[in-house]
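Please consider the following points on the structure shown below.

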Amino acid sequence: MKKTILFVILQQFADWEAGYLSSAITMLGQGQYDIKTVSLSQEPVQSIGGFRVFPDYDLSSISKDYEAVFLIGGMSWREKNALQIKTLAEDCYNKGNVLGGICDATAFLGKIGLLNEVIHTSNDLHDLKQWAGPLYKGEAKYMSKQAVRDKNVITANGTAPLEFAKEALLALNAASRQKIEEWYNFHKLGFYTASMPDM
């Protein structure tokens, strides 16, 4: 049976942050995963790039049996209605399933108190502290890195969709470390630079 991966997308989501990860899971996972999108409702969600997506689930219809939840960054995580995602994120964290957030979604995770016990990153520590407010007590565990993975929680800044995808793939054991590294190097370094195995 395929394992379900949930991608949470809000209005004006960053399509490129979802694109690398979803395509890599599909290509490297060899059919073991089923990618589903989740939003606040099943009305169309438009990405920053203009793609319109009809979510598979709203918050009331999500399957409780899932392998991972990835919160995709964008322009809506600071809006009040984004807090409706809190229960799903907490459920994923408490189950010990893979939980990822990139760009502004990392600050959302801080705002709901899920970054206090894990090493993590975000776009900027000062911004994270200011926006997340009193529930964020994880400053000592903050790292100025592109992406960080700790205890099945992956965080990345908004310029790190490839690093985010790499850490997520490793957390999922979607393929061998060698294949994941090869995929990452190919996309990061380019066709003529990346060292690839002989075909």
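1. Of the contacts in the protein with a separation of 6 or more, 61% join residues 24 or more positions apart. Contact here means heavy atoms within 4.5 Å.

2. This is a predicted model, in which local features need pLDDT of at least 70 and side-chain atom pairs count only at pLDDT 80 or more, while totals for chains, interfaces and linings use all residues. Residues are numbered from 1 along each chain as its sequence is written, and side-chain values use heavy atoms, with hydrogens and water left out.

3. The radius of gyration of the protein is 16 Å, which agrees with the value near 16 Å for a compact globule of 199 residues. This radius is taken over C-alpha atoms, and the globule rule is 2.2 Å times the number of residues to the power 0.38. Along the principal axes, the C-alpha atoms fill a box of roughly 50 × 35 × 35 Å.

4. Of the 199 residues, 49% are buried, that is, under 20% relative accessible area (1.4 Å probe, protein chains only).

5. The secondary structure comprises six helices and eight strands. Helices (H or I, at least four residues) and strands (E, at least two) are DSSP runs, numbered from the N terminus. Their order from the N terminus is β-α-β-β-β-β-α-β-α-α-β-β-α-α.

6. Six bridges link strand 1 (residues 3–8) to strand 2 (residues 33–38) in the parallel sense; two strands pair if DSSP finds at least two bridges between them. Within this pairing, Ile5 stands opposite Ile35 of strand 2.

Technical notes. Buried < 20%, exposed > 50% of the residue type's maximum accessible area, 1.4 Å probe, protein only.
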